[in-house]
Structures are given as C-alpha cells and as structure tokens.
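Let's walk through this one together, starting at the metal site and then moving on to the charged pairs. Keep the viewer open as you read.

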Amino acid sequence: MSKWKYTKGLHDLGNGCWGYLVPDGSWGWSNAGIIADGEANLLVDTLFDLACTKDMLDDMKANVPGADNIGILVNTHADGDHTFGNQLVKGARIIGTEGTVADFDRFDPKMLDEVNRNPAKFGKAGEFMAECFKPFDFSGITLTPPTETFKDKMTIMVGDKRVELIEVGPAHSLGDALIYVPEDKVLYTGDILFSAGTPIAWYGPVVRWINVCNMVLDMDVEVIVAGHGPISTKDDVRKMRDYLMDVTEMARPLYEQGVDFLDAAYKIDLGDYKDWTDAERVIVTIQTLYDDFEAADERPVHIPIPYFEMMKNMRDHMGKPRVHDEWCTAHDH
Ligand SMILES: [Zn+2]
C-alpha cells in the first residue's frame with residue numbers, strides 16, 4: 001500500500017519534491033508536480049484546462065515556498081492534458097524535447113472546444129470525446145509550446161538540487177521525457193507510466209517503450225509520479241511493461257495471419273487487463289504495433305491515423321460489438 005492516498009491535490013514526497021494528482025486518471029485527468037529548493041523551482045507539466053491548472057498553481061503557492069514564481073516549466077510531452085495550462089506560467093523558461101515541440105499542435109484546443117459544444121457534428125468520435133472531455137473547458141487556451149529544447153539529456157540545477165531531463169521518445173508520444181531527481185530517488189514519468197489504467201501508444205515503437213520501462217526498473221528510483229494514476233513504484237512500471245509485452249505477443253500472430261488491426265483488437269483476449277480503466281485504448285496500441293511489425297526496427301516515425309478515426313474506433317470498441325457502419329465497411333476487405 002502506498003503511503004500517499006490517491007486524492008486530488010498536492011502530495012509531499014519529501015525533500016522539496018511534490019506530486020500533484022488528479023483522480024481518476026482516466027482521459028484528461030493527468031498528474032503534474034513541482035521540485036523546489038530555496039526560492040528556485042521546476043514545475044512538471046500543466047493540466048488540461050485553465051481552471052484545473054489555476055487550481056493547481058494556487059495549491060502550490062499555498063504550500064510550496066517560492067511557488068508564487070515558477071522559474072522553469074518542463075513538459076514531459078506534448079499532449080494537451082500535460083500542456084494546455086502552459087500560458088498561466090508566465091515568465092518561466094519552458095523546456096521540452098524537440099519531439100514535444102514538433103508534436104505540439106496534434107491536439108488543438110479550439111477543435112476540442114468545438115467538439116464539446118457540438119459533439120453530434122463529429123459523429124461517434126464526437127460522442128466519445130464529449131463523454132471523456134465534457135468536464136473540461138477548452139475555451140481561452142493558447143497553445144504555448146516550449147521555447148527551449150534539449151536532445152538526449154539535460155541537467156538543470158534547481159537551487160542546489162540536480163535534476164536530469166532524459167529524452168526517451170518516441171514511445172507513448174513523439175517527444176517523451178523523464179524528469180529525474182537522483183538525490184531523492186524521485187522520478188516524474190509523464191505518460192511513460194499509466195498507473196492503474198491502460199497505456200496508449202500514439203507513436204511507439206512499442207518495443208522502445210518497453211525498453212524505457214526496463215531502463216526505469218534499473219534506475220535508482222523509489223517514488224514515481226506517473227502521468228496518470230496514484231503515486232507509484234517500480235511495481236507499477238513492471239505491470240504496465242508486462243501489458244505492453246503481452247499485447248505485442250498477442251498481436252504478432254494476428255498480424256502474420258493478415259488479420260486487419262481493427263479485427264485483431266476484437267480477437268485479442270485481454271484477460272485481466274480488460275478490467276483496467278480505458279481498455280479500449282488497446283485498439284490504438286495495436287495499430288501502432290502493426291506499423292512496428294511492418295517495418296521492424298527501421299520504420300520511420302509512425303504517423304498516427306487521424307485523431308477522429310482513432311476516437312471513433314475506440315468508441316466502437318468499448319465493450320460493445322463492432323459497429324459496421326460506413327467507415328468500417330469502406331475499410332474492410
Ligand atoms: Zn496524459
């Protein structure tokens with residue numbers, strides 16, 4: 001049992017490291033954090049809308065010395081649930097990988113705002129997205145990408161505390177990065193770790209993500225702030241790695257038999273994994289795996305299929321029989 005409860009808000013991990021958790025960890029309900037030493041600080045990610053991010057910054061101001069002035073913001077990756085609040089951290093250096101900057105406009109807040117206002121216009125994808133994202137308010141968001149990028153590794157001093165930024169993408173997204181505080185054995189993973197929920201491989205290669213998990217298991221780390229879910233440990237990394245390995249093993253023979261990826265997602269028996277939150281994400285991960293299998297190690301960076309198609313596919317996959325409507329019929333053999 002973790003000594004930190006899975007409750008909304010700031011959780012003191014000790015020595016100036018905090019995690020900020022937002023249950024239940026499903027679509028859009030992401031975590032962030034702050035690392036502080038003296039008056040210096042580094043914010044790990046922002047949240048999915050301005051109101052959520054403002055709440056978080058207020059909580060930090062009230063509890064973390066010096067947090068009324070955020071010096072550095074690092075985005076672990078580009079997804080909106082980790083970046084849409086960036087504009088509220090005025091005057092901070094904003095740092096991310098080059099992949100994060102390149103991936104930044106994949107999620108357009110104006111489009112999400114329109115979907116929330118008029119889901120019917122976007123068909124099943126709109127229906128699913130509105131179910132997931134209705135609690136959020138995407139109005140007034142201006143995409144605010146990192147202005148400083150790094151490759152491979154970057155070391156930052158936060159006061160006297162050494163913080164390492166480690167590029168590990170593409171894996172979950174195009175530009176994933178880990179944020180590591182060696183002296184405190186604390187790691188912020190962004191969406192490299194979904195704890196107690198189903199991971200989703202927008203980009204892959206999935207094998208690269210599995211290797212990142214193995215790298216984390218070899219690191220000197222005791223406490224992990226996941227991108228989604230409770231404060232975690234290496235046990236949670238192991239569980240999620242095993243999911244990615246098992247899904248890979250189940251998808252490979254179906255790929256070899258020429259089964260199309262949508263059908264493969266229905267044929268796979270997820271066993272206990274089907275009880276994980278957001279099990280429908282398997283459909284996106286399998287589509288990414290199919291591209292991995294196609295090109296083996298030499299594949300260029302995977303280009304995700306259009307977002308609305310993915311959302312529609314996942315809507316169809318949520319414990320219901322696949323609906324053979326126009327899109328599916330057009331793509332079936
Ligand atoms: Zn996320």
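The four donor atoms around the zinc ion make angles of 86 to 157°, so the arrangement comes out as irregular. For reference, ideal angles for four tetrahedral donors are 109.5 degrees. Bear in mind that this is a predicted model, and that water is not among the atoms, so sites may look incomplete.

Which residues hold the zinc ion? The donors come from Asp 81 (OD), His 82 (NE2), Asp 191 (OD) and His 228 (NE2), at 2.1 to 2.3 Å. Written as a sequence pattern, the spacing of these donor residues is D-H-x108-D-x36-H. Asp 81 sits in the loop between strand S5 (72-74) and strand S6 (93-97), while His 228 belongs to strand S12 (residues 223-228), so this pair ties together parts that are 147 residues apart in sequence.

Now for the charged pairs. A search of the whole structure turns up 20 salt bridges. One of them joins Asp 55 to Lys 8, with the closest N and O atoms 3.3 Å apart. That pair links distant parts of the chain: Asp 55 is in helix H1 (residues 50-63), Lys 8 is in the segment before strand S1 (9-14), and 47 residues separate them. Asp 55 is partly exposed, at 39% relative accessible area, whereas Lys 8 counts as exposed at 53%.

Another bridge pairs Arg 315 with Glu 127, and here the closest N and O atoms are 3.2 Å apart. Again the pair links distant parts of the chain, with Arg 315 in helix H9 (residues 307-317) and Glu 127 in helix H4 (residues 123-133), 188 residues apart. Arg 315 is buried, with a relative accessible area of 11%, while Glu 127 is partly exposed at 38%.

Then there's a pair of sequence neighbours, Asp 242 and Arg 241, whose side chains meet in a salt bridge at 3.1 Å, N to O. Asp 242 is partly exposed at 29% relative accessibility, and Arg 241 counts as buried at 16%. Finally, salt bridges that share partners connect Lys 54, Asp 58 and Lys 61 into one network.

How values were computed:
Residues numbered from 1 in each chain as written. Predicted model: local features only at pLDDT ≥ 70, side-chain atom pairs only at ≥ 80, totals over all residues. Heavy atoms only, no water. Salt bridge = Lys/Arg side-chain N within 4 Å of Asp/Glu carboxyl O. Helix = DSSP H or I, 4+ residues; strand = E, 2+ residues; numbered from the N terminus. Buried < 20%, exposed > 50% of the residue type's maximum accessible area, 1.4 Å probe, protein only. Donors = N, O, S within 2.8 Å, 3.2 Å for Na, K, Ca; no water. Tetrahedral: all angles 85-135°; square planar, octahedral: opposite > 155°, others 65-115°.
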